[in-house]
Amino acid sequence: SHPARYPDSETGPLCRRPTVNSDHSTTPMNSVLSRREMVRSAGLATVGLALTPVSGWPATWFAQEARVVPFTDVGENFTGLRPQGDNDLPGQRPIAQDMRELSSWVTPTEDFFNVSHYGYPELDASSYRLQFTGLVERPLSLTLEDLRSRPRVEATTVFECGGNSRGMLHGMVGNARWTGTPLLPLLAEARPTSDSREAHFWAADTGVEEIRGNEYEQNFARSMSLDHVSETGPMLAYEMNGEPLTTVHGFPVRLIVPGWYGVCQVKWLQRIELSADRLMTRFMAKDYVTLMGRDVNGKTQWVETSVTRLRVKSVIARVTRSGDDFTIFGAAWSDGTPLDRVEVKVDDEDWRAATLERPDDPHTWTFFSLETAGLAPGEHTVVSRATDAEGRTQPVDLSMKRTRWENNELF
């Protein structure tokens, strides 16, 4: 959601306000931050309807003479980039894309967010091997060229970090074109035994974890049930947006699981191990676990669940002005369940249906827009909500969720 403000004059300075719908003088930065914290707790964000030139938005979304309306609750120095380091790898700095600068349906590789838990291992393509081990009748060891020689598939999919939040303007998300080979035929070739139930995906990156008072070196790893593997049809990807994977995005091979959160898209994949048991390492059993309260017979029951499928979500990215007409733009996505609708609400008005630019594949994101007119000078609240074909919609209240994962509240 976005409360918004624009000045009476196109040349007047944009004033940040300590309260929504205020129209008084400029306030100190500490007041702005206090208001921003208040607004966040209510599931809102703020936009100021001042005028700046449009840059890079899809041309079909508004006329050339339209002007961008900046958000007043976004820090002046927000870029979505990590601080510059002395030995940064190409593409290492983006932790989130600045959704205000969204300029294409496919997210450029250099803008795609990246998260690493144990650093960025640099693997050699010539010595790379992907192992299929565990409860299989025919273990496999495949080179990168072996994988490239298998049937080639391409898919454009959206995924976001499980911890994507308003602090990053919900920009830890991207929609990229992946190329690789499907996982299921290779699993069939390895011939899982009758007692295989889980696929454990082991990566090359390692770190030291404290477990019951002792320290152990651990690889990053995630697992999926074989039923989930069959349901989602993962890809072993070796290209992103038509080029070989970069180091920060998982070179030489990463897992792509359509409709699931980013933590499941395992980078630097080295081994796929079939097992009868569920994997219970840090990133399955301790981290990326959502704690949510629910009412059961008048009592609160606390439930922990693993971060897996994407929750339906929409994000308002930009507001533009042309005369007295305003257009609200954003992006929405789901776990692959088609979106039924995206609605937008301005101030206390009723929810209105946005126009959707529906893609052919529901595993990608959908751009939406809504036109409105006659907004008076001052601050205005703008909120969006997406609903999928199964009736799942963005929640108004996530106060019973006590962890930072799966943030899909109204925004």
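A pocket, in the sense used for these views, is an open set of grid points with protein on both sides within 12 Å along at least five of seven lines, and every view is drawn from a predicted model.

**View 1. The largest pocket and its lining.** The largest pocket holds about 360 Å³ of space, and of the 20 residues that line it, Arg309, Leu310, Arg311, Glu406 and Asn408 lie nearest its centre. Strand S15 (289-296) and strand S16 (299-306) each supply at least two residues of this lining, with the largest share, three residues, coming from S16. Sorted by class, the lining of the largest pocket has six nonpolar, seven polar and seven charged residues.

**View 2. The largest cavity and its lining.** Three cavities of 30 Å³ or more are counted in the model, and the largest cavity has a volume of about 210 Å³. Among the 19 residues that line the largest cavity, Val115, Arg254, Gly262, Val263 and Lys267 lie nearest its centre. Its lining, sorted by class, has 10 nonpolar, six polar and three charged residues.

View 3. In soluble globular proteins, nonpolar side chains tend to be buried together. Here the largest nonpolar core has 49 residues, and those with the most contacts inside it are Phe132, Leu183, Phe201, Leu236, Ile272 and Trp365. Helix H3, which spans residues 183-190, gives the most to this core, with four residues.

Technical notes. Residues are numbered from 1 along each chain as its sequence is written. This is a predicted model: local features need pLDDT of at least 70, side-chain atom pairs count only at pLDDT 80 or more; totals for chains, interfaces and linings use all residues. Side-chain values use heavy atoms; hydrogens and water are left out. On a 1 Å grid over the protein atoms alone, a cavity is a set of points where a 1.4 Å probe fits but cannot get out, and a pocket is an open set with protein on both sides within 12 Å along at least five of seven lines; lining residues have an atom within 4 Å of a point. Grid points are joined across faces, edges and corners, and a volume is the space filled by probe spheres set on the points. Ala, Val, Leu, Ile, Met, Phe, Trp, Tyr, Cys and Pro count as nonpolar, Asp, Glu, Lys and Arg as charged, and the others, Gly among them, as polar. A nonpolar core is a set of buried Ala, Val, Leu, Ile, Met, Phe, Trp, Tyr and Cys residues joined through side-chain atoms within 4.5 Å. Buried means under 20% relative accessible area, exposed over 50%, partly exposed in between (1.4 Å probe, protein chains only).
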